[in-house]
Amino acid sequence: MRFGLCTDIRNVREVQEAGFDYIEGKLNQFALWSEEEFEKTLELFASSSISMETCSLLLPKTMAVLGPEYDEKALLSYLDTAFSRMDRLSCSLVVFGSGKSRNIPQGMTMQEGFLALSEVTRLIGRKAKEHGISIAIEPLNRSESNIINTLSEGAALQAVVALDNVGLLADAYHMRKEEENMEKILLSAPLLHTHIALKEGRAYPTEKCGEVEEFFRMLKASGYNGRMSIEGKSEDWKADSVKALEVLRSYGEE
């Protein structure tokens, strides 16, 4: 398995020094930068031995893609810039979490919301395919989104969208928050990407524990051997990321 860290892409040198295989950036951050700011960041990557293989946070928090506030032209314009910048960073996968953007608004039923989200995800997937980019659907716990809260629901959305570049992400933190059985990983395979953090405080997994061990066990049983990014919180991310990477590599090698 390959291990990465979700953080500001301007931290690429620190992530490299910590020993990670790649960095996972925030698309809704660098897609909105000025060209000058983005060019400066490209210079950092030119002198780094790791790259931004994946990124998260597909959409800006202020961009709704369901209901009356949805503006398809604005979405496509944003994606043109976002995906072009991913190209320039040689990044081929972005995570579609973006809970605020995909929330079902008041007055829309769950059925209407699911169908609308399916159409938007298909639109995004087709646009991404023009750039050779894959979309990983991320189920989010109910405190972050009111739709696609479990791996099972994410798998259903993936099936309806039915594009070969749109897949599914398993996030250990969200699965724990939703009390979803980890065996759902076996039923939802193959996975496109994974995230990890502990349920308590969304902390970095800096020590071995049953919570992390079970996640790895189910992933291995499903045949997954791809990327895993730490997406969590820490008061000292530089020190904790080194400890967490050691833990993840030990499980990955077992």
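1. Helices (H or I, at least four residues) and strands (E, at least two) are DSSP runs, numbered from the N terminus. On that basis the protein chain holds 11 helices and eight strands. The model is predicted: local features need pLDDT of at least 70 and side-chain atom pairs count only at pLDDT 80 or more, while totals for chains, interfaces and linings use all residues. Residues are numbered from 1 along each chain as its sequence is written, and side-chain values use heavy atoms, with hydrogens and water left out.

2. The radius of gyration, taken over C-alpha atoms, is compared with a globule rule of 2.2 Å times the number of residues to the power 0.38. For 254 residues a compact globule would have a value near 18 Å, and the 17 Å of the protein chain agrees. The C-alpha trace spans about 45 × 45 × 30 Å along its principal axes.

3. Contact means heavy atoms within 4.5 Å. Among contacts between residues at least 6 apart in sequence, 77% join residues at least 24 apart.

4. Residues are called buried under 20% relative accessible area, exposed over 50%, and partly exposed in between (1.4 Å probe, protein chains only). By this criterion 52% of the 254 residues are buried.

5. A nonpolar core is a set of buried Ala, Val, Leu, Ile, Met, Phe, Trp, Tyr and Cys residues joined through side-chain atoms within 4.5 Å. The largest such core has 73 residues, of which Leu 27, Phe 83 and Ile 185 touch the most other members. Helix α4 (residues 72-88) gives the most to this core, with six residues. Leaving aside residues up to four places away in sequence, Ile 185 touches several residues, including Leu 151, Met 175, Phe 215 and Leu 219.

6. Most residues other than glycine have a negative phi, and most peptide bonds are trans. Against this background, the peptide bond from Ala 189 to Pro 190 deserves attention: it is cis, with omega near 5°. Pro 190 belongs to the loop between α9 (184-188) and β7 (193-196).

7. Which non-glycine residue has a positive phi of about 55°? This is Leu 57, located in the loop between β3 (54-56) and α4. Leu 57 is partly exposed, at 30% relative accessible area.

8. Ser 98 sits in the loop between β4 (93-96) and α5 (99-102) and is buried, with a relative accessible area of 9%.
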